[in-house]
Structures are given as structure tokens and as C-alpha cells.
Amino acid sequence: MIGRAPRVAKALANPHNNFGVLRLVMAVAVVISHAFSVTDGRLDQEPWFATTGFTLGEHAVNGFFAISGFLVMMSFMRRGWRDYVLARVLRIAPGLIAATLVVALLIGGAMTNLDLAAYFRDPRLWRFIGATLTSFKSAAALPGVFEGNPLQFPMGTVWTLKYETLCYLGILVAGLAGLLARPRLALAALAALTLAVVLREVLMPHGPKGTETALRLPLIFLAGGVIYLYRERVTLSLPLLALALLALVPLAYTPLYKAALYLVTAWGVLVIALAPALTRRSVEPPADLSYGVYLYGWPVQQALHALFPALGAVALLWPSMVATFVIAGLSWFLVEKPALNLKRRLLRAS
């Protein structure tokens, strides 16, 4: 069963994969998850948190980082550092800049309880824009905006871009230093991060959430990258994935659970993305709305909750999803797709 499973390298030669649809599904999962925290400000009310220790949104972010680690490692190894840097900047920056300005100037201007002139004169507005774009600060508030909401900050998802950018830089530095040509070093780094996760669970299982996140996301990103480096050896077995998921159940009560969950998530997402049994036909969405859905889902939900505070999580979800998809579509066609086209022209010119 396992011996006959295809390897990652062979699957990459297939014409179809599920990366695009998976990214969109995970972005939608983040929006679904945030419907709970936006309405009551609590994470423990989210059903997945009670059963797995992580919210649906956190599981989705884990999947994002696994896919990103795999594709970004492939990008560097195939293109070299100049093309890599250009591709990363033009994929992340234009959409983020546009979203920050739309949220701060348009949504914030429409939702603030201040006089509009006073709002645009308020230094907190410009500090918000600067902090969001330079340090990916997601806990900053806009003056007079969402003050009656349980959580007042309008861009609650951009914090993950900080870790994403640091992981990008890690790949760049390791690549320039020649370390990626020695996959065993990347595997050793992955083992060290895994050990650190286990030790944290042994020594301070109830320690700061920030420490857990600072280990979790780089580990999953690196796991995706290591799978690419070992693509000739890593198999894509759906039965083995099912067994790995079942094995997480008894581990849930041990310090090994989180490390095992992260590694199974990283490999499992790539199995779903590449396994030939799941990629015989193209299911790629016609437009890549995942980044826009991820960026705009939170501010749209915040705005709807401010306008209709009596709505519960489920009632809030459906109109927020429709509005988010509309704005994400505009982001794709007006900002992100032109930036990617510019990237292709610049890469051809170089």
C-alpha cells in the first residue's frame, strides 16, 4: 500500500494540483472561525478549539504555512534569489498595501464616530497605516472605529504575514549561504524545532501563546520546505494519512501531540494537494481570491458586527462571506493580478 504510493516529485509532473482550491478553502475557514471571535471576543467558544486545542482558523493558517513552505522552497530552488525576492514582494505587498488603505481610509472613514475631518487629522490613523505595513501589527485600532465591538482592531489577520515574511527571509538567507544544497541541514533544523515544541509542552504547557506560535508556524513552514527538498522520497499515501490522523487521538493527552499535529498537518495538506487520486481533474478556481478573502474577511465582519450587533456568529457569517468575496474579487482583478502580471514581465525581461 505505502510502497506503491507515488512520490512527491512524480506528482509535481502532473498537470493538475489542488493548491489553489485548498488555499481558498482555508481562507474561507479563517472567515468562518473569526465569526465567533468577532461577535463575542472569545476563542474558546469556537467548536474546533474545544476538540483539537486550536480553532478552525488556526488549523487553516497551519495549512497555509505548509503549502507556502513547499512552494516557496520550490520557487527558490528553481528560480534563484533575484526572481525569488521579486516574486515574494509582488505577491504579498500590493494586496496588503491596498487592503490597509481600503480599511483605514474607506471602511474606517465610513465607520468612525468622529467627524470625518477629525478622523483624517488624527495621528492614530496614520500610525495605524504605518504599523500595519511595516510591522504587520494586527492589534492596532483606528480612531473611533469599532469601539463597541468586543475586539476593536480592524485588521486581525495580518499578524501571520510577519511570520510568513520571516520564513521567506529564512529561505533566502539559507539559500544564499548554500545551506539548501544540503537537505540534511534543513532536516536537522526541522528536528530541532520539533524537539523545541515537545520541550515546551513538557516544561511550560500553559506558557505564553506567542511562544507557541513562534515555534508552530516556522516548524510547519519548514516541514513543507523539507518535503520539497526530499520530494524524491516522500510519498503521497491517502491510507497512510488516515492512519496518521487516527494516531493523533491517543497522542492528544501527551506532550507529543502538538508536534505530531504540526507535522501531520504539513504532510497531509500536501498529500491532498498532490495525490494523483485527488488531482485527475483540474479544480482550480478561475481567480485566486484566497489572499483577498484572508485580508478582508476580518474587517468586513467587524463592520457588520458594528452595524448589527445583535447578530450571532452564524447569522453574521453569510452576509460577511458574500461581501468578503466581492471585495476579494476586486482586489484580485484590480491589484493582485496586475501585480502578478508585472512580475511575469519583469522575470521575462531579466
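User: Leaving aside neighbours within four places in sequence, which residues is T213 in contact with?

Analyst: This is a predicted model. T213 is found in helix α10, which covers residues 209–229. Once the neighbours within four places in sequence are left aside, the contacts of T213 are W159, Y163 and P218.

User: Is T213 buried or exposed?

Analyst: A residue counts as buried when its relative accessible area is under 20%. The relative accessibility of T213 is 6%, so T213 is classed as buried.

User: What angle is found between helix α9 and α12 where they pack?

Analyst: Two packed helices are described by the angle between their axes and the distance between those axes. For α9 (residues 183–203) and α12, the axes lie 8 Å apart. On the α9 side the contact involves L190, T194, V197, V198, R200 and E201, which meet K258, A259, Y262 and L263 in α12. By type, these residues divide into six nonpolar, one polar and three charged. The packing angle is about 145 degrees.

User: How many of the 18 residues of α12 are buried?

Analyst: The end C-alpha atoms of α12 are 25 Å apart, which agrees with the 26 Å that its 18 residues should span at 1.5 Å a residue. Helix α12 is largely enclosed by the rest of the structure, because the number of its buried residues is 16.

User: Where in α13 does a kink lie?

Analyst: Helix α13 runs over residues 290–307 and reaches 25 Å from its first C-alpha to its last, close to the 26 Å expected. The helix is mostly covered, with 16 of its 18 residues buried. The kink is of about 40 degrees and comes shortly before the proline P299, at Y296.

User: What distance separates the C-alpha atoms of H305 and S290?

Analyst: H305 has its place in helix α13, and its relative accessible area of 5% means that H305 is buried. Apart from neighbours within four places in sequence, H305 is in contact with V38, T39, N149, P150, L311 and L316. H305 and S290 are 15 residues apart along the chain, and their C-alpha atoms are separated by 22 Å.

Conventions. Residues numbered from 1 in each chain as written. Predicted model: local features only at pLDDT ≥ 70, side-chain atom pairs only at ≥ 80, totals over all residues. Heavy atoms only, no water. Helix = DSSP H or I, 4+ residues; strand = E, 2+ residues; numbered from the N terminus. Expected span 1.5 Å × (residues − 1). Bend = angle between axes of the 7 residues up to and from the residue. Buried < 20%, exposed > 50% of the residue type's maximum accessible area, 1.4 Å probe, protein only. Axes fitted to C-alpha atoms, helices over the stretch in contact; angles between N-to-C directions. Contact = heavy atoms within 4.5 Å. Nonpolar A, V, L, I, M, F, W, Y, C, P; charged D, E, K, R; others polar.
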